[in-house]
Amino acid sequence: MYDGYGFKVFRSNPNDSLALKSASITCIYEDSDNQLWIGTLNGLNKFVPVKQSFKLYKFYDISKIAELPPGYFPLAAKKYLLLATGVGLYLFDRNGEKATRIPLSQHASAGGTIQVYDYLWQEGSRPVLWVATKKNGLLRLVFEGFKIVDRQTFLLNENKAPSIRTLASKHDTLWIGTSQGLFYLPLKTSVLAPLKWDVKNNFLPPTAFVKKLYFDHQGRLWIGVMRYGLFVRNGRILKKINNNSILSIYQDCFNILWVGTSGSGLLKYPFEKLKFNVYRPFSKSIINTNLNHIWAIWQDRSGLYWLGTNHGIRFFSPLKKRLEIPPKYQKAAKQIGDVQVRMFREDKMGNIWIATLESGLFQIKPDGAIHNFSVHSEAGLRLPFKSVYSLCIDHRQDVWIGLNEGGLSKAVVHNGEVRSILNFKNLNVGPEKKALWVIDIAETVINGISQIWLATWDYGLIKLNPQNGKITVFNTNNAPHLLSNYILSLHVSSFDSRPVLWLGTYGGGLTKFDLTDFSFTTYTEKDGLANMVVYAILEDDNHHIWLSTNKGLSRFNPATQQFTNYAVCDGLQSEEFNLNAAFKDADGRLFFGGVNGLNYFMPGEVINAIPPKIDICKVSVFGKSKKEVLYAPFIQPLKFDHSFNSFEIEFVALHYLSPQKHKYVYQMEGWGNNWIDAGKNRKVTFLNLNPGKYVFKVKACNGDGVWAKRAASIQIIVAPPFWKTGWAIIFYIFGIGLLLFYLHRRRLAQEIKIARVKEQERLQTRQEIDEDLHNEIGGNVYKIIQACKHILRSDKPEYLELLIAIKKILDWAVNLEYGIKELFWEVKAKSCTLEDLIITLKLNADLIFEEDRYDLQLLNEIQDSLQRPIPLKLRQTITSIFKEGMTNILKHSTDCKNIILSLRNTEDDLLEIILTDDGAGFDVTGNFSGKGLKSMINKAKKVNGQLTITSCRNYGTTLIFRVKLP
């Protein structure tokens, strides 16, 4: 059994009743119920997948197993199997497990001992069965129900009837493979005739032993011949595939052909991979030489393809492959000679420009005339170095020339003629002022401004302004996301309507350079890139970026940021490609040159659009000291005791084209709802799952990122322990009910106690409000009384003085109203900060000391923690204390002029507020008299604060309040 990753072998064991009874397997059949049947020399075996075992039914030499066609036997199709055996044809009842022989001869009701190799049902109004026999020719049986109403025998050779081994039918023609050649029988005429072999350069005698015939999904006839190999017939064309002795042929749902051989094992023909076409200029049998290196590809305006090799130029056609050198280019090809050709470019005049190593630059005109520019050319047309690596034709049709350690040159061209060659010696930008090795060149024209970009070896990316010669260097020192200074290839593109320059590097992966904001983004092997060496870059018509590397090709989707990689197993010429050997032709076909030839393909055709089929094949369950293994198909849901709560689930994506590239994601509903990327891992483990219901789901994609639409799933139930069962829960509910009743009684008692405490708190709050009203209202009332007395003491108050007094009375009344409002705001407020406290203290101070004779200063030293929250109770208490302190200054320090209010906090979260005046002061050695001072001290204690009052006659009074901030 093969799943794309490896084989599991089921061997015969005569001592094991559940094992195969014969090692000689002759045929395999899967019925409509997905039951697998195995035919052997010793009988019929039924595979039991859950136990990975077999059940034997005794027959002799089974060569074919199949169900009855449902169109002819609708009631019996799923009940019976038709078996071709060494002693005749049998109907096998799968339900009753009994067999009935079908009489093949009119002279023997039991059917004789006719050995049957193959059979085939013919489409028509009545069931017609064609039977291939060993010695009795080809039989035609006509059925009505299970009764044979007509028989006909076809003898292929009257002298000696050949053994008929295989049958196949297509388009009203029956094909018959025998031990003496291939025959065909048109069903409309029933005239049997041999097929005459016509195999050019392949010897095949007309009496070859045809072992197997098979029509694939594309309608091609595959012919397996003993000793002579595998052939395919498409129309009238017969082509030889290999030289093996063929025993069996099968094509799966992914269009992969599987061929069983005698002596050469199992052969796999994934024809899809041939969409990566390969061309080698020289014999493909030559190994370990540099003959098949492809360094440059170009398609000129006439449609002719040019190839640059280690031995000059070659010409190529995707249809005819190798072409002879066109006559008009024979002289040019001879003059270029046996040198390495590194790059082609074509200008608007149709001139082909060719970069070579050792021989400089060549220009081939449309009529075949050739010009060479090298170190030996005349002054003004001379190159400073003989090896040219890169070319770029700008929008003015001038040719930029990148040299190997020779820097940069430019051929000034007018109407296809080179006027002069300029050498840019000022590009010696390295620390040692060495000449640059310019590996690739590109031009961008943005907003009408042309810029020349140079990919260099060891000096990073260089931008050259051709108008003024100014250069800008981007390297690993000033572009941190650029991982390498060895730039191998450039490609100008547009991503999300933004100009982008793609950089292929040596050792630094792929880099995207945004030409709008000059940002670099690098993609490496960790992101899915095949290799960190990127030789060439192309963009297809769907804006996917194709990269040739040291480890195959990579396709990058900029929209999804996903890479898809291709290797030799997908049809590549080699895993290693060559520097800048890439081209996109007018049809969108991509070309990449490598060390062993050329790959060319249409990007849409190499993408495998068939998703894999996903299957959960094994579940291993672990307990404390036991392990149980279950195999598909599973009887869902899988139920386990709570002690079996750890699982290892194995799954596989069934697609055999490139199974090593499959990727998986999984989800375990009930454990986590997110899809988890498993990469290429085909096993996942869950440890110590809680009792409950779980659904495991897994999806897979093929090597081209095409995901299966449906996920495979399996339901798992972990039963709870007895203390979590329904009866246990009922007991718990009853016990909890009793506990809740007890707690309810206890809560009622606590509520009564809490109500009493709240009543005490309410009385205390009323007392505090009384004290606040005394301090707030008393001070303002005192002012009003004093003002009124002043008016009354005046014998003849002037009109102006009376207005001033009345104004003060109104101000104090307003202050009284504000104090009452603020008192209610404090009661309603829910939170405050140190900044709120400072604002309140400043406002109160301005209102109390509004007369001009007071110089009031506020010193705030807590700027860094203004937004620190403080309890509302603390703010109310501080405000109340210092309001009363300010009011006392106003009442008793009549000669006071300077008042300072300062706030600061220490590193140990201690808040300190100081109120200082320079009034008359008083004696603090005796007991404080009056309700105000005692109230202030008591309020400070209630918030765990400390209020210190210092005073000296004629030196003023100081109030210091300290409290630890929470």
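How many bridges join β42 to strand β43, and do the two run parallel or antiparallel? I took this up as my opening entry, keeping in mind that the model is predicted.

**Entry: β42 and β43.** I looked up the pairing. I found 5 bridges between β42 and β43 (residues 510–514), and the strands run antiparallel. I then picked out Trp-502 and found its bridge partner in β43 to be Lys-512. Next I checked the connection. Last, I checked cover for β42, residues 498–505. I found the strand mostly covered, with 6 of its 8 residues buried.

**Entry: Ser-53.** I placed Ser-53 in strand β4, which spans residues 53–58. Is Ser-53 buried or exposed? I read a relative accessible area of 4% for Ser-53, so I list this residue as buried. I then looked for contacts, leaving aside neighbours within four places in sequence. I found Leu-18, Lys-46, Phe-47 and Val-48 in contact with Ser-53.

**Entry: Phe-722 and its patch.** I located Phe-722 in the loop between β60 (712–718) and α2 (726–793). Its relative accessibility is 63%, so I count Phe-722 as exposed; the cut-off is over 50%. I then asked which surface patch includes Phe-722. I found a nonpolar one of about 1200 Å². Besides Phe-722, its members include the aromatic residues Trp-723, Phe-731, Tyr-732 and Tyr-742. I also noted Ile-729, Ile-733, Ile-736, Leu-739, Leu-740 and Leu-743 in this patch.

Definitions and conventions. Residues numbered from 1 in each chain as written. Predicted model: local features only at pLDDT ≥ 70, side-chain atom pairs only at ≥ 80, totals over all residues. Heavy atoms only, no water. Patch = residues over 30% accessible without salt bridge, like charges linked within 9 Å, V, L, I, M, F, W, Y side chains within 5 Å. Areas by Shrake-Rupley, 256 points an atom, 1.4 Å probe, with all protein chains shown as cover. Salt bridge = Lys/Arg side-chain N within 4 Å of Asp/Glu carboxyl O. Helix = DSSP H or I, 4+ residues; strand = E, 2+ residues; numbered from the N terminus. Buried < 20%, exposed > 50% of the residue type's maximum accessible area, 1.4 Å probe, protein only. Contact = heavy atoms within 4.5 Å. Pairing = 2+ DSSP bridges.
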